[in-house]
Amino acid sequence: MAKKILIIDDDPVIVDYLETLFKDNGYETCSATSSMEGLEVLHRERPDLITLDLQMPGEWGPRFYRKLRQDKELKDIPVIVVTGIDGSHAIKDAVAFIQKPFDPDKLLGIVKKTIG
């Protein structure tokens, strides 16, 4: 069974790009355009990994991350921050911090190393 990646980003171009990138490399995807929607999708889909943008309307990515880490069942899901702002300090124990624009091969390498 393919590993599933939840993409949380408010930019539809980035979401489409990441969905295509991951699907072309054998992963299933699901997506959300806000932190609040991300929490709903997270509980419904139970992904193996999350890519998280930091700057989104409403609640920012760090708030989503704090809520994720408080959930006993979901707190161990690895998170890769993919963002256009310098916020590496915002989520200290993320698997990786990738600055937009990003190298797709580098991102895929991190994903494969993290979830196979």
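A polar contact here is a pair of N or O atoms within 3.5 Å; within protein, one must be able to donate a hydrogen and the other to accept it, and residues adjacent in sequence count only if both atoms are side-chain atoms. This is a predicted model, in which local features need pLDDT of at least 70 and side-chain atom pairs count only at pLDDT 80 or more, while totals for chains, interfaces and linings use all residues. Residues are numbered from 1 along each chain as its sequence is written, and side-chain values use heavy atoms, with hydrogens and water left out.

**Stop 1: threonine 83**

Please select threonine 83 and show its side chain. That side chain reaches the backbone nitrogen of leucine 54 at 3.5 Å. Threonine 83 belongs to strand β4, residues 79-83. (Helices, H or I and at least four residues, and strands, E and at least two, are DSSP runs numbered from the N terminus.)

Is threonine 83 buried or exposed? Its relative accessibility is 0%, so threonine 83 counts as buried. (Buried means under 20% relative accessible area, exposed over 50%, and partly exposed in between, using a 1.4 Å probe and protein chains only.)

Not counting residues up to four places away in sequence, threonine 83 touches Asp53, Leu54, Gln55, Phe97, Ile98, Gln99 and Lys100.

**Stop 2: the sheet**

Next, switch to a cartoon view. You will find an open sheet of 5 strands in the order β2-β1-β3-β4-β5, with parallel pairing. At the edges are β2 and β5 (96-99), each of which pairs on one side only. From one strand to the next, the twist averages 20 degrees. Two strands pair if DSSP finds at least two bridges between them.

Select strand β1, residues 4-8: 5 of its 5 residues are buried. Lys4, Leu6 and Ile8 point one way, while Ile5 and Ile7 point the other way. In a regular strand, side chains alternate between the two faces of the sheet.

Now step to the partners of β1:

- Strand β2 (residues 28-32) pairs with β1 in the parallel sense over 5 bridges, and lysine 4 stands opposite glutamate 28 in β2.
- Strand β3 (residues 49-52) runs parallel to β1 and is joined to β1 by 4 bridges, with isoleucine 7 opposite threonine 51 in β3.

Across the sheet, β4 and β5 also run parallel, joined by 4 bridges. Here valine 81 stands opposite phenylalanine 97 in β5.

To see a crossover, select β1, helix α1 (residues 12-24) and β2, which make a right-handed β-α-β unit. Right-handed means that, with the strands pointing away from the viewer, the path from the first strand over the helix to the second runs clockwise.

**Stop 3: helix α3 and the cores**

Helix α3 (residues 61-70) lies across β1, β3 and β4, running at about 160 degrees to β3. (Axes are lines fitted to C-alpha atoms, for helices over the stretch in contact, and angles run from 0 to 180 degrees between N-to-C directions.)

Which residues touch the most other members of the largest nonpolar core? Of its 20 residues, they are Ile8, Leu42, Ile50, Leu52, Phe64 and Leu68. The elements giving two or more residues to this core are β1, β2, α2 (35-45), β3, α3 and β4. A second, separate core of 19 residues includes Ile7, Val15, Leu18 and Val111. (A nonpolar core is a set of buried Ala, Val, Leu, Ile, Met, Phe, Trp, Tyr and Cys residues joined through side-chain atoms within 4.5 Å.)

Center on leucine 42. Leaving aside neighbours within four places in sequence, leucine 42 is in contact with Leu6, Pro47, Ile50, Phe64, Leu68, Leu74 and Ile77.

**Stop 4: helix α2 and what follows**

Within α2, Ser35, Gly38, Leu39, Val41 and Leu42 are buried. The buried residues of α2 pack against β1, β2, β3 and α3.

Serine 35 is worth a click: its relative accessible area is 1%, so serine 35 is buried. Beyond four places in sequence, serine 35 is in contact with Met56, Glu59, Trp60, Gly61 and Phe64.

Then move to arginine 46, in the loop between α2 and β3. Its phi is near 50 degrees, a positive value in a residue other than glycine. Arginine 46 is partly exposed, with a relative accessible area of 40%.

**Last stop: proline 101**

Finally, select lysine 100 and proline 101, which are joined by a cis peptide bond with omega about -10 degrees. Proline 101 sits in the loop between β5 and α4 (104-115).

Methods:
Contact means heavy atoms within 4.5 Å.
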